[in-house]
Amino acid sequence: MKIVTIKLLKNIKYNFEFLNNVSKNIPIFLCLFILGFNTTFIGQSFKNSQLSNQKVASIYNERIENIESILESKGINLDQLEVLLLGTKFEKKLNLYAKNKDDQEFILLKKYDFCKSSGHLGPKRKEWDGQIPEGIYYINHFNPKSSYHLSLGINYPNKSDKILSAAKSLGDNIYIHGDCVTIGCIPLSDYWIEELYLFCLEARNNGQVQIPVHIYPFEFDNVNDIDLDPFWMNLKELYDHFMKNKTKLSIHVDEKGNYFFEDNGI
């Protein structure tokens with residue numbers, strides 16, 4: 001994550017120096033307990049650093065009870081929350097899936113509408129093409145000071161994008177954000193980005209360091225009768241498997257830029 005304070009880095013350094021110094025005299029299980037405690041502290045410090053922003057703190061205080069109510073209605077505990085985002089460009093939908101850490105299957109929690117879109121169907125392959133990316137990403141930045149109200153960055157370009165693009169510059173700075181403007185990002189209304197930001201904040205605080213963001217050209221359920229290019233066929237495999245099983249996928253990229261997966265839930 002980009003949001004790491006000097007205090008946290010010193011805390012991590014202290015943890016390992018401390019364990020190195022005392023492990024000869026303290027049983028290993030106690031050392032691991034100490035390290036585990038401080039790992040929890042790091043997660044809590046991420047949340048605290050976010051809430052130190054006045055805007056985020058105000059939104060949190062105003063809306064956290066509703067967040068908890070939504071989760072409770074689905075049998076999900078706030079302190080066990082994990083999330084996954086699945087977007088489809090043609091339908092202009094960003095679907096939020098959620099589960100408890102120990103559950104195998106995600107359930108659909110909310111559907112958010114893109115409030116604006118840019119580009120056309122197909123992946124982003126170069127800078128300034130106006131395209132919303134297509135592929136498998138994760139959130140790599142929480143930005144409470146965004147010019148677009150709030151924003152969640154994704155790790156475009158990923159390994160697949162870099163292999164499959166011949167452009168000198170692929171661009172970057174792709175976000176899910178508010179303010180209803182875009183030249184390649186996924187914009188939601190300010191009201192809904194606030195809610196989504198809090199869901200993701202709580203999941204990150206629970207230790208979900210990489211929150212998956214799947215972006216597809218469309219809902220593949222209804223395109224069995226049309227020809228798909230090889231890239232879309234590859235994405236369809238991932239989409240179909242997730243929609244059938246709703247389990248967490250461990251997704252990798254081969255030397256040709258193709259995605260392949262292992263199912264961690266079965």
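# Chatting through a predicted model

Trainee: What does Cys180 count as, going by relative accessibility?
Mentor: Cys180 counts as partly exposed, at 28% relative accessibility. Buried means under 20% relative accessible area, exposed means over 50%, and partly exposed is in between (1.4 Å probe, protein chains only).

Trainee: OK, back to the cysteines. Which residue does a disulfide join to Cys115?
Mentor: Cys115 is joined to Cys180, with 2.1 Å from S to S. A disulfide here is a pair of cysteine sulfur atoms within 2.5 Å, and the structure holds one of them.

Trainee: Where do Cys115 and Cys180 lie?
Mentor: Cys115 sits in the loop between strand 3 (107-113) and strand 4 (135-143), and Cys180 in the loop between strand 6 (175-177) and strand 7 (186-187), so the pair ties together parts that are 65 residues apart in sequence. Helices (H or I, at least four residues) and strands (E, at least two) are DSSP runs, numbered from the N terminus.

Trainee: Is that disulfide left-handed or right-handed?
Mentor: Left-handed, because the torsion about the S-S bond of Cys115 and Cys180 is about -125°.

Trainee: And Cys200, buried or exposed?
Mentor: Cys200 counts as buried, at 0% relative accessibility. Cys185 is buried too, at 11%, whereas Cys115 is partly exposed at 31%.

Trainee: Switching to helices. Where's the kink in helix 3?
Mentor: The kink is centred on Arg63 and is about 50°. The bend at a residue is the angle between axes fitted to the seven residues ending there and the seven starting there. Arg63 is also one of the buried residues of helix 3.

Trainee: What caps the N-terminal end of helix 3?
Mentor: Asn53 does, with a side-chain oxygen 3.0 Å from the backbone nitrogen of Lys55. Just after helix 3, Gly75 takes a positive phi of about 75°.

Trainee: Now Lys47. Which side chain does Lys47 make a polar contact with?
Mentor: The side chain of Glu202, at 3.1 Å. A polar contact is a pair of N or O atoms within 3.5 Å; within protein, one must be able to donate a hydrogen and the other to accept it, and residues adjacent in sequence count only if both atoms are side-chain atoms. Lys47 belongs to helix 2 (residues 28-51) and is buried, with a relative accessible area of 14%.

Trainee: Last topic: what's the strand order in the sheet?
Mentor: The order is 3-2-1-8-4-5-6-7, in an open sheet of eight strands with mixed pairing. Strand 3 and strand 7 are at the edges with a single partner strand each, so one side of each is left without a neighbour in the sheet. Two strands pair if DSSP finds at least two bridges between them.

Trainee: How does strand 8 pair with strand 1?
Mentor: In the parallel sense, over four bridges, while strand 4 and strand 8 pair in the antiparallel sense, also over four bridges. Five of the five residues of strand 8 (residues 212-216) are buried, so strand 8 is largely enclosed by the rest of the structure.

Methods: Residues are numbered from 1 along each chain as its sequence is written. This is a predicted model: local features need pLDDT of at least 70, side-chain atom pairs count only at pLDDT 80 or more; totals for chains, interfaces and linings use all residues. Side-chain values use heavy atoms; hydrogens and water are left out.
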